Amino acid sequence: MRAATGFPGGLRRAGIAATVVLALALLTPIVVTATGAFSRAEWYGQRSEGAGVETVPDLFRYVTGIWGGALLRSVQVVAVVVPLALAIGAPAAWAFRRRPFPGSRLLESAALVPLSVPGVALGFSLIQVAGGAPRFALLVAGHLVYTLPMVVKTVANAVETFDPRLESAARSLGAGEWETAARVTVPLLTPALVLSALLVFAVSWGEFNVSFLLATPLLQTFPAALYLTYTTNSFPVAAAATLVFLAPVVPALLAIQALGGEEFHRGLPA
Amino acid sequence: MKVHVEDVSFAYGREPVVSSVSMELPEGGITVVIGPSGSGKSTLLQLLCGLLHPLQGQILFDGEDVTGVPTERRDVGVVFQSYALFPHLTVRENIAFGLQTGRRRFSLRSSRRRPTRRHLEERVWDAAALLSLERLLDRKPSQLSGGEQQRVALARAVAPRPSLLLLDEPLSALDARLRRTVRAELAALLRKLGTTTFYVTHDQEEAMLLADHLVVLDQGRVVQAGDPLDLYRRPQTPFVASFLGEANLVEVEALPSGPSPVVPVRSHTPLGSFVLPGACQGGWLLVRPEDLTEDPCGTMATVLDSRGMGPHDRVILLLDTGTEVLAHFSSETAPAPGTKVRIGVRTRRPHFVAHRD
């Protein structure tokens with residue numbers, strides 16, 4: 001009997017092949033980096049002294065010792081950007097779908113444009129517009145421009161999947177607008193909110209273009225610092241730093257994967 | 001609670017949906033609004049519960065103007081067509097929802113106060129018991145059948161004891177067999193509750209079974225309102241006649257009036273001659289299928305089709321004058337297709353639907 005997926009055999013084999021290619025493309029850099037971090041091999045003809053690390057605890061101690069400041073800065077940026085992106089993006093997404101106004105569809109589509117604006121252009125325009133503002137604020141603003149579209153898109157899609165009558169029902173049962181939001185809308189959007197928080201985290205944590213442009217010696221995010229490491233230090237050192245950088249991203253991506261599957265649909269009306 | 005709708009209009013953009021509708025919902029009675037899809041009946045329900053606001057006109061609850069009052073302060077209970085049960089809450093939490101909302105104390109009516117925990121549990125239990133949901137309280141809506149979901153929706157709406165209960169085609173999502181049993185139960189329950197009820201449907205049988213007061217809506221306007229049986233027997237327009245059950249409408253031409261406009265005149269129709277009101281401008285005679293019977297002195301007709309429906313036989317007849325009529329003969333007495341029969345009208349003075357300008 002044919003497998004339950006219902007795909008014809010040829011298509012299924014193609015699907016498996018595509019999955020393998022994708023997995024290789026995604027995993028190869030990580031594997032190379034990981035082996036690099038613990039290696040003393042030559043790289044691009046440059047004699048590598050290695051990071052002087054043999055074990056994982058060594059690695060973390062080494063990297064946090066050198067790049068602790070940048071690491072802390074990245075944590076600070078993420079800690080501000082994630083809640084801010086949700087606080088702005090989620091209500092906007094809800095409003096786009098539940099309280100549409102003339103031009104709201106256009107505005108919603110326009111919200112996706114920043115995704116394809118080069119970071120350099122964005123960074124310079126931020127400096128032009130608000131050069132006098134504190135650098136940290138500029139950095140946060142830059143990250144918001146890249147992450148808000150994801151929040152809007154994810155939450156808007158989730159808003160679309162639940163019956164607007166649920167909100168009407170809450171109102172008819174005596175709940176005001178805020179109580180309806182707290183007791184019905186937000187709980188039903190929770191999977192989408194968690195998903196977009198993870199997406200924002202992953203993007204903001206790894207954002208390089210804007211961060212690099214806006215970086216000052218005292219205000220460097222981890223990816224910007226990584227770049228300097230790659231250009232000035234040996235590969236194993238940079239690779240070690242990259243591993244530390246990836247450490248929180250991998251769990252986040254795994255969580256996104258899990259949410260994208262079953263969890264995301266839990267609690268949605270049958 | 002007495003509800004008055006006064007000259008209410010509503011439009012989506014430029015498309016009028018409800019056009020100067022006025023009606024009165026009798027206190028403690030069931031008002032059924034019936035109409036085809038797009039007649040504005042659901043919109044009217046949303047205007048009553050405040051999910052939409054009229055462009056014109058007033059809505060009065062016990063004489064108090066609530067036109068601008070938001071839904072949460074109107075003291076209404078709504079059963080939606082899709083039920084709209086909160087999927088993230090259990091049946092118990094769904095029913096309790098309306099007993100725990102904050103605005104309760106600001107509501108129009110003092111009967112809706114925030115109850116204590118014990119009181120809350122009692123009220124949830126009462127509502128659950130009313131709809132035999134005691135054993136389903138810990139389930140999630142997704143674990144319930146359609147009929148059970150419908151009962152939860154009703155329990156949730158009645159638990160806060162609203163002054164006005166609004167039901168938007170609450171049975172349309174159920175299959176035909178279930179709908180029939182639920183319909184009778186629902187009628188009994190709504191009468192027991194004695195809450196002023198506004199019930200929207202497009203199902204004529206549902207309307208006849210439930211309504212104390214029946215309102216027929218078409219294209220956003222009230223076509224006729226009144227006692228359901230009266231509307232069935234004495235519709236004022238061909239639309240009402242054919243929307244409430246099956247109808248033979250026999251065209252009657254304008255007659256020369258008799259010696260005086262109040263003197264009735266006799267009109268000859270394909271189904272026989274009948275006495276009509278004086279000064280007749282022409283119109284239709286309403287002959288319900290059950291009013292037609294085999295009659296040795298009646299009009300000649302040929303049976304075109306006949307089908308046993310169980311309670312009656314459904315017979316399509318072609319009169320010798322060329323008019324087709326539908327008759328319901330008592331069960332299993334219908335002649336076979338092709339047979340010639342003589343038929344007559346049971347009532348002496350069938351209802352006359354006059355032309356309207």
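**View 1. Ile30(A) is partly exposed on helix α1 of chain A**. With a relative accessible area of 32%, Ile30(A) counts as partly exposed, since that class lies between buried (under 20%) and exposed (over 50%), using a 1.4 Å probe and protein chains only. Ile30(A) sits in helix α1, residues 9-37; helices here are DSSP runs of H or I with at least four residues, strands are runs of E with at least two, and both are numbered from the N terminus. Together with Leu22(A), Leu26(A), Leu27(A) and Val31(A), Ile30(A) makes a nonpolar surface patch of about 460 Å². Patches gather residues with over 30% relative accessible area and no salt bridge, joining nonpolar side chains (Val, Leu, Ile, Met, Phe, Trp, Tyr) within 5 Å and like charges within 9 Å; areas follow the Shrake-Rupley method with a 1.4 Å probe, and for residues only the protein chains shown count as cover.

This is a predicted model, in which local features need pLDDT of at least 70 and side-chain atom pairs need 80 or more, while totals for chains, interfaces and linings use all residues. Residues are numbered from 1 along each chain as its sequence is written, chains are lettered from A and ligands numbered from 1 in written order, and side-chain values use heavy atoms, without hydrogens or water.

**View 2. Chain B meets chain A**. The contact (heavy atoms within 4.5 Å) takes 25 residues from chain B and 22 residues from chain A. About 1900 Å² is buried between the two chains, 63% of it on carbon and sulfur atoms; this is the accessible area (1.4 Å probe) that the two parts lose on being put together, summed over both. Look for the 1 salt bridge between the chains, a side-chain nitrogen of Lys or Arg within 4 Å of a carboxyl oxygen of Asp or Glu: Arg171(A) pairs with Glu72(B) at 2.7 Å, N to O.

**View 3. Thr101(B) reaches across to Leu173(A)**. Thr101(B) lies in the loop between α2 (91-97) and α3 (117-130) of chain B, and is buried because its relative accessibility is 0%. The side chain of Thr101(B) comes to 2.8 Å from the backbone oxygen of Leu173(A).

**View 4. Helix α6 of chain A is largely enclosed**. In this helix (residues 165-172), 7 of the 8 residues are buried, so the rest of the structure largely encloses it. Among the buried residues are Leu166(A), Glu167(A) and Arg171(A). Just after α6(A), Gly174(A) takes a positive phi of about 100 degrees.

Conventions: Polar contact = N/O pair within 3.5 Å; in protein donor to acceptor, adjacent residues only side chain to side chain.
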